[in-house]
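Please look at the sequence and the model shown here, and then follow the paragraphs below through the chain.

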Amino acid sequence: MLSREELKELSEIKPDGGYYVSLYLNVNPVTNPRGEYLLHLKNMLKEASESTDRAIYKKVKDDLEKINSYVTSNKREFKKGLALLSCEQAGFWREYNLSVPVKNSLVIDETPFIKPLLDILDNNPRYLILLVEKEKARLFVVHLGEIVEYGEVETPDVPGKHKKGGWFALAETHYQRHIDYHVGLHLKEVVKRLEAFLSREEIGLIFIGGSEEAVAMFKEMLPETVKARIKGQFGAEMFLRPDEILQRVEPLLAGCEAEEERRIVDELITRAMKGDSAVLGLEDVLNAAVEGKINTLVYVEDFRATGSRCRECGFLTTQSLQDCPYCSSAMEQIDYMVDLISQMAVEKGARVEVLAHETDRLKERGNIGAILRF
Ligand SMILES: [Zn+2]
């Protein structure tokens, strides 16, 4: 999973004579039904071999070969986007299988090219999930539907209840105080770790799980700035697997996403109605995409549309045409117009919002829309 800390480390790499190859490849099986990405990669590699300074090319030849064999011999299922960063000379290699589209590019430079990864981090909400109990806490991040555990805090010297009481009954209040003291220490440590993690990763939304009692005690101790970011809490046991935690927290995340979707749909429809740099419906959205005018593309998750594309000049239309009106070549029929538009928009720097919850109002208006740059 992408993390702000990892990208910060990558951004701090200083040139020291070596060269990095950064590849971003649209591997989405929908827009590459015949594995077209292999051809795109081949073209980019060829272009690199022709346009790169000889001395530099020699330095990255191994990297290019490694990248090529990773993509071509890879039997695993790709998601939508693939990012590979390589510098053999420095023993450096990173691979990211991304569930969002990326713009094809191959960059050879003295440092890794990470701007597209930073954009993905910025444009897709990340949620921090904290499980907290009286002697243990676990921290997770959810991003693009994936959950990753980032660490735990354990303060084992919280005495168990079995130690209290015994034959020296008078000591009970003393033990209780002892327990409270240790629980307090533990929770304080969790607060400290949480704050450090939040400042490193810049995550705005938090969900807290655990027993009601522990969560309540913990929230008491949080500074207001952190408390304000808590979007919900849920019951959970400390031993749950990450996928089980994700399941528990899913309804809460859905609520958050629905809220964000509502905000975007509001803006889209209001602006489209006023004629203020926004369009609705496939035809207008396609035109805006072709002209590179889209700032935010918005569509209903299961929306599909057909169209046709000219194999020669690339002309694209929502109609089903046999011959291209511009160059008379044969048109290819396409049943994945939405993915194609989405890819075009991303290539021109747009962000894409796929609606999973707040779908009704856009369904009534053609299932797709776009907020424009100007
Ligand atoms: Zn044509």
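Predicted model: local features only at pLDDT ≥ 70, side-chain atom pairs only at ≥ 80, totals over all residues.

Residues are numbered from 1 along each chain as its sequence is written.

Helix 2 itself covers residues 37-51 and, with 15 residues, reaches 21 Å from its first C-alpha to its last, close to the 21 Å expected, the expected span being 1.5 Å times one less than the number of residues. Helices (H or I, at least four residues) and strands (E, at least two) are DSSP runs, numbered from the N terminus. Buried in helix 2 are Y37, L41 and M44. They lie on the same side of helix 2 because they cover an arc of only 65 degrees around the axis, the arc being that of the directions from the helix axis to the C-beta atoms. The buried residues of helix 2 pack against strand 1 (20-26), helix 3 (54-72) and strand 4 (105-109), with contact taken as C-beta atoms, placed from the backbone, within 7 Å.

On the scale of the protein chain, the domain assignment, which is of an automatic or database kind, gives domain 1 (4-122), domain 2 (126-240) and domain 3 (259-372). The centres of domain 1 and domain 2, taken over C-alpha atoms, are separated by 40 Å, and the contact between them takes 4 residues from domain 1 and 5 residues from domain 2.

Turning to the strands, strand 6 (residues 136-143) and strand 7 (residues 146-154) run antiparallel and are joined by 8 bridges; two strands pair if DSSP finds at least two bridges between them. F140 has E149 in strand 7 as its bridge partner. In the hairpin of these strands, which has 2 residues between them, L144 takes a positive phi near 50 degrees.

An open sheet of 3 strands has the order 13-12-14, with antiparallel pairing. Its edge strands, each pairing on one side only, are strand 13 (316-317) and strand 14 (331-334). Strand 12 (residues 307-310) is joined to strand 13 by 2 bridges, and S308 stands opposite T317 in strand 13.

Key: Contact = placed C-beta atoms within 7 Å. Buried ≥ 20, exposed ≤ 12 C-beta atoms within 10 Å, placed from the backbone.
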